[in-house]
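Dear colleague,

Please find below the structure that I am handing over to you. My notes on it follow directly after.

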Amino acid sequence: FPVEVRRHVVGLSVARLTANACFRFAPPFLAVIARGLNVTLDELGIALAVSEIAGLTSPFIGHVVDRLRRRTSMSFGLVGVAAGALLAGSSTGRVQFALALVVLGQSKVVFDLGLASWVSDHVDEARRGRVIGITETAWALGLLVGVTLLGLLAAVTSWRAGYVGGAAAVRHVAADESLAA
């Protein structure tokens, strides 16, 4: 693989892991979050559904991402994920929480599309599957490792700290020089 790919693929995979952890944090802790927001689980379930329905805008977001430089879209995506996580952690009700999940989810789409485009730009088609496979492990690890760590943080503090911790992790990884691809 090109030197640039070898130098950046781990950092980009870690960035994807942290973004996925923030994105996937809500469903396992929905009851705890609902209790913290003083809303019913049904009401918070609707907020989660709204954020999933917002995913239907992904083709339009893809059109915008296609016009951006790869690094720009990955950076915007990570900044948006961190902002969405902070907004979720500071939510005072179901509407703000739903908006936070929409921001978080759509920002993750921006990052993921930028990452896939970057890989396509730097790895020839015959060898692309391996690099995409490496970055895809971040999806599973985002839940297995990321959400577990955020859940432990939430257990010793509050669910809000889980989102704040996730935002801090995304911010730290985004600032890492290895993402200056």
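Trp159 is buried, and so is Tyr163, where buried means under 20% relative accessible area, exposed over 50% and partly exposed in between, with a 1.4 Å probe and protein chains only. Please note that this is a predicted model, in which local features need pLDDT of at least 70 and side-chain atom pairs count only at pLDDT 80 or more, while totals for chains, interfaces and linings use all residues. Residues are numbered from 1 along each chain as its sequence is written, and side-chain values use heavy atoms, with hydrogens and water left out.

Trp159 and Tyr163 both belong to helix α8, four residues apart, or about one turn of the helix. Helices here are DSSP runs of H or I with at least four residues, strands are runs of E with at least two, and both are numbered from the N terminus.

Aromatic rings

A pair of aromatic rings is described by the distance of the centres and the angle of the planes. Rings of Phe, Tyr and Trp (its six-membered ring) pair if their centres lie within 6.5 Å; planes under 30 degrees apart count as stacked, over 60 as edge-to-face and the rest as tilted. By this rule there are six aromatic pairs. Phe97 counts as buried because its relative accessibility is 0%. Trp159 and Tyr163 also form an edge-to-face pair, at 6.3 Å centre to centre and with 90° between the planes. Ring pairs join Phe25, Phe29, Phe97, Trp159 and Tyr163 into a cluster.

The nonpolar core

A nonpolar core is a set of buried Ala, Val, Leu, Ile, Met, Phe, Trp, Tyr and Cys residues joined through side-chain atoms within 4.5 Å. The largest one has 41 residues, and those with the most contacts inside it are Ala26, Ile33, Leu37, Leu44, Phe97 and Tyr163. Helix α6 gives the most to this core, with nine residues. Leaving aside residues up to four places away in sequence, Ile33 touches Ala26, Leu44, Phe97, Trp159 and Tyr163, a contact being heavy atoms within 4.5 Å.

An exposed loop residue

Asn38 is found in the loop between α2 (30–37) and α3 (41–53). Although Asn38 is not a glycine, it has a positive phi of about 60°. Asn38 counts as exposed because its relative accessibility is 70%.

With kind regards
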